[in-house]
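This report concerns the packing of one protein model. Please keep the sequence and the structure in view while reading.

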Amino acid sequence: MRRRPFTLRGRIRSFKYAFRGIGVMLASQHNAWIHALATLLVCLTGWWLGISSAQWCWIVLAIVAVWTAEALNTAFEFLADAASPDFHPLVEKSKDVSAGAVLIAAVGAAVIAILVFGPALAARVAK
């Protein structure tokens, strides 16, 4: 297999494709809209509470984990639908597992949010 040479134009083109993929995910996946709203609310809450840089690291990691899981789930679903347009029980199971990965990431992100925001919210309420 012949490798293409590294070029700046090729790298810029790869960013175009990546942004197009994010757009496809946002346009086609209702759960991505929920993740977008949750991302906005979490970022606003972190700003409002004035969390530390270290706490922001955990929040950003949680956000990235959920978005990555959602993107991979979306890609997997598209690929599975192309490979097997008709119903197949193994495709159904694999899609369920992929969706489960998103759920695991989202639950983990919620736990991180509770651990980071909980004490800060309690301190705000106690004032």
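**Basis of the description**

The model is predicted, so local features need pLDDT of at least 70 and side-chain atom pairs count only at pLDDT 80 or more, whereas totals for chains, interfaces and linings use all residues. Residues are numbered from 1 along each chain as its sequence is written, and side-chain values use heavy atoms, with hydrogens and water left out. Helices are DSSP runs (H or I, at least four residues), numbered from the N terminus.

**Nonpolar core**

A nonpolar core is a set of buried Ala, Val, Leu, Ile, Met, Phe, Trp, Tyr and Cys residues joined through side-chain atoms within 4.5 Å. Buried here means under 20% relative accessible area, exposed means over 50%, and partly exposed lies in between (1.4 Å probe, protein chains only). The largest such core has 14 residues, and Ile51, Ile59, Ile112, Val116 and Phe117 have the most contacts inside it. Helices α3 and α4 each supply at least two residues of this core; its largest share, seven residues, comes from α4. In soluble globular proteins, nonpolar side chains tend to be buried together. Contact means heavy atoms within 4.5 Å. Apart from neighbours within four places in sequence, Ile59 is in contact with Val42, Ile51, Ile112, Ala113, Val116 and Phe117.

**Largest pocket**

On a 1 Å grid over the protein atoms alone, a pocket is an open set of points where a 1.4 Å probe fits, with protein on both sides within 12 Å along at least five of seven lines; lining residues have an atom within 4 Å of a point. The largest pocket holds about 230 Å³ of space, the volume being that filled by probe spheres set on the points. Its lining comprises 14 residues, and Ala38, Val42, Ile63, Val66 and Ala109 lie nearest its centre. Helices α2 (30–49), α3 (53–83) and α4 (89–126) each supply at least two of the lining residues. By class, twelve of the lining residues are nonpolar, two are polar and none is charged. For this classification, Ala, Val, Leu, Ile, Met, Phe, Trp, Tyr, Cys and Pro count as nonpolar, Asp, Glu, Lys and Arg as charged, and the others, Gly among them, as polar.

Ala38 is found in helix α2, and Val66 in helix α3. Not counting residues up to four places away in sequence, Val66 touches His35, Ala105, Ala106 and Ala109. Two C-alpha separations are listed here.

| Pair | Separation along the chain | C-alpha distance |
|---|---|---|
| Ala38 and Ile63 | 25 residues | 8.9 Å |
| Val66 and His35 | 31 residues | 7.7 Å |

In accessibility, Ala38 is partly exposed at 35%, while Val66 is buried at 7%.

**Salt bridge and loop residue**

A salt bridge is a side-chain nitrogen of Lys or Arg within 4 Å of a carboxyl oxygen of Asp or Glu. The whole structure has one: Lys95 pairs with Asp81, with the closest N and O atoms 2.4 Å apart. Because Lys95 lies in helix α4 and Asp81 in helix α3, the pair ties together parts that are 14 residues apart in sequence. Asp81 is partly exposed, with a relative accessible area of 37%.

Gln29 is found in the loop between α1 (8–28) and α2, and Gln29 is buried at a relative accessible area of 14%. Leaving out residues up to four places away in sequence, Gln29 touches Glu70, Thr74, Glu77 and Phe78.
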